[in-house]
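Trainee: I am new to this structure and would like to understand how its descriptions are reached. Could we look at it together, step by step?

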Amino acid sequence: MQDEELSDHYRHLLVDSFPTDKNAVKVANPRYEQIARDGKHMEDSLYAATYTAYQNSEYRQVARNFEEHTRDFAEGPHRARILFVQAMSCLYSGDRKQFLALLEELTSKYSKEEIATMAADIVKGVKEGRLLSDSKYDSSDIWKRRKTVTATGDSIAPDTLKDDRYSTFNFVIAYPTNSLDEDQLLYEMARYNFTSYMVRNFEIEVLDDQGLSMMCVRGFLSFDEAHAYAQRLYADAFMRERLDGLRTLLISDENLKLLGTAFSFDEYKEFYDRTFAPIDVPKDLQFDEPTDIPYIDPDDYVPEPEGDEDEGGDDYDDFPFGF
């Protein structure tokens with residue numbers, strides 16, 4: 001028996017002996033070694049090709065790529081997105097039953113993924129009898145949505161984003177509503193602020209709108225302060241891990257009012273990259289300077305001895321801290 005035939009024999013024997021074991025299935029895959037070595041790049045490329053095929057209405061190719069992904073990358077990071085693409089391909093191919101089955105699998109298995117929010121809305125609408133739109137769904141729609149456009153329907157909104165660097169700013173964490181433990185994130189952000197800044201008191205507010213939530217840290221007097229805050233936050237390994245995979249942005253109060261209405265998240269990002277990202281913010285910017293007032297423990301306080309000071313003299317100061 002040749003080496004290749006022997007390898008195939010043992011692979012089949014492994015799956016036959018442990019048919020439900022995920023690791024056995026992985027090892028039995030003829031491409032196991034290649035996937036173990038280059039799996040991330042392979043899955044990235046497969047998803048990109050699948051999405052391109054979907055955009056070009058090549059639904060048979062989408063189905064073939066989906067089968068390959070199911071075989072080789074069933075637990076990969078792109079699984080939720082490729083499930084959505086395959087589901088929408090089934091819809092446009094006329095297989096409504098499989099379309100709903102795949103979306104329900106997506107919402108049940110990958111509820112914390114941002115695409116699951118859109119999938120859940122679609123399933124709910126279908127079950128309530130609402131007709132599906134004929135327009136193509138984009139997997140990044142959640143960040144492209146906005147409520148208003150100009151009368152001509154172009155991408156320029158009637159309001160304009162402001163590039164004022166010295167207005168009040170917010171650090172914003174955006175995520176699909178109910179996609180994470182919001183109370184836990186709120187606690188971690190409050191704990192970080194309390195333990196990291198002695199003087200500044202940052203307010204945290206959570207805003208919800210159409211399936212998107214924004215946790216806003218308020219109280220920055222300029223873009224520079226918000227930028228310095230974000231840099232220090234991400235320099236904290238524990239907080240960086242908590243924020244991994246979440247979308248964050250720095251935005252002024254004025255521009256925040258336009259987010260999701262006149263401008264989408266993606267449109268704001270383009271504006272930010274063009275106007276604020278090139279700004280050179282001092283790396284040593286200090287915005288939590290301690291007060292000059294010394295703290296005196298009452299137990300350590302020793303009153304000055306009474307004397308015959310001239311209360312009208314030049315050295316007299318009735319304010320203890322010399323203001």
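Trainee: What makes Phe276 count as buried or exposed?

Mentor: Please keep in mind that this is a predicted model. Phe276 has a relative accessible area of 1%, and since buried means under 20%, Phe276 is called buried.

Trainee: Why are the rings of Phe271 and Phe276 called a pair, and of what kind?

Mentor: Their centres lie 6.0 Å apart, which is within 6.5 Å, so they pair; their planes are at 75°, which is over 60, and therefore the pair is edge-to-face. Ring pairs also link Phe271 and Phe276 with Phe169, Phe223, Tyr268 and Tyr272 into a cluster.

Trainee: Are Phe220 and Tyr229 buried or exposed, and how do you know?

Mentor: Phe220 has 1% relative accessibility and Tyr229 has a relative accessible area of 0%, so with the limit at under 20%, Phe220 counts as buried, and Tyr229 is buried as well.

Trainee: Which residues touch the most other members of the largest nonpolar core?

Mentor: That core has 43 residues, and Phe171, Met189, Phe220, Tyr229 and Tyr268 touch the most other members. Among the elements that give two or more residues to this core are strand S1 (169-176), helix H9 (182-196) and helix H13 (265-275). A second, separate core of 27 residues includes Tyr54, Cys90, Phe99 and Ile122.

Trainee: Which residues of H9 are buried, and what makes you place them on a side of the helix?

Mentor: The buried residues of H9 are Leu185, Glu188, Met189, Tyr192 and Asn193. They cover an arc of only 130° around the axis, which puts them on the same side of H9. What covers these buried residues includes S1, strand S2 (203-209), S3, H10 and helix H11 (237-242), while the face turned away from the buried side carries the exposed residues Asp183, Tyr187, Phe194 and Thr195.

Trainee: Where do the buried residues of H13 fall when seen down its axis?

Mentor: The buried residues of H13 are Phe265, Glu267, Tyr268, Phe271 and Tyr272. They fall within an arc of 155°, so they line one face of the helix, and the face turned away from that buried side carries the exposed residues Glu270 and Arg274.

Trainee: What makes the charged end of Arg81 sit over a ring?

Mentor: The charged end of Arg81 lies 5.9 Å from the centre of the ring of Tyr47, and the distance limit is 6 Å. The charged end of Arg242 likewise sits over the ring of Phe238, at 4.3 Å from its centre.

Trainee: Why is Gln86 called buried?

Mentor: Gln86, which lies in helix H5 (residues 79-93), has a relative accessible area of 9%, and because this is under 20%, Gln86 is buried. Not counting residues up to four places away in sequence, Gln86 touches Val62, Ala63, Phe66 and Leu102.

How values were computed:
Residues are numbered from 1 along each chain as its sequence is written. This is a predicted model: local features need pLDDT of at least 70, side-chain atom pairs count only at pLDDT 80 or more; totals for chains, interfaces and linings use all residues. Side-chain values use heavy atoms; hydrogens and water are left out. Buried means under 20% relative accessible area, exposed over 50%, partly exposed in between (1.4 Å probe, protein chains only). Rings of Phe, Tyr and Trp (its six-membered ring) pair if their centres lie within 6.5 Å; planes under 30 degrees apart count as stacked, over 60 as edge-to-face and the rest as tilted. A charge sits over a ring if NZ of Lys or CZ of Arg is within 6 Å of the ring centre and within 35 degrees of the ring normal. Helices (H or I, at least four residues) and strands (E, at least two) are DSSP runs, numbered from the N terminus. Contact means heavy atoms within 4.5 Å. A nonpolar core is a set of buried Ala, Val, Leu, Ile, Met, Phe, Trp, Tyr and Cys residues joined through side-chain atoms within 4.5 Å. The arc is that of the directions from the helix axis to the C-beta atoms.
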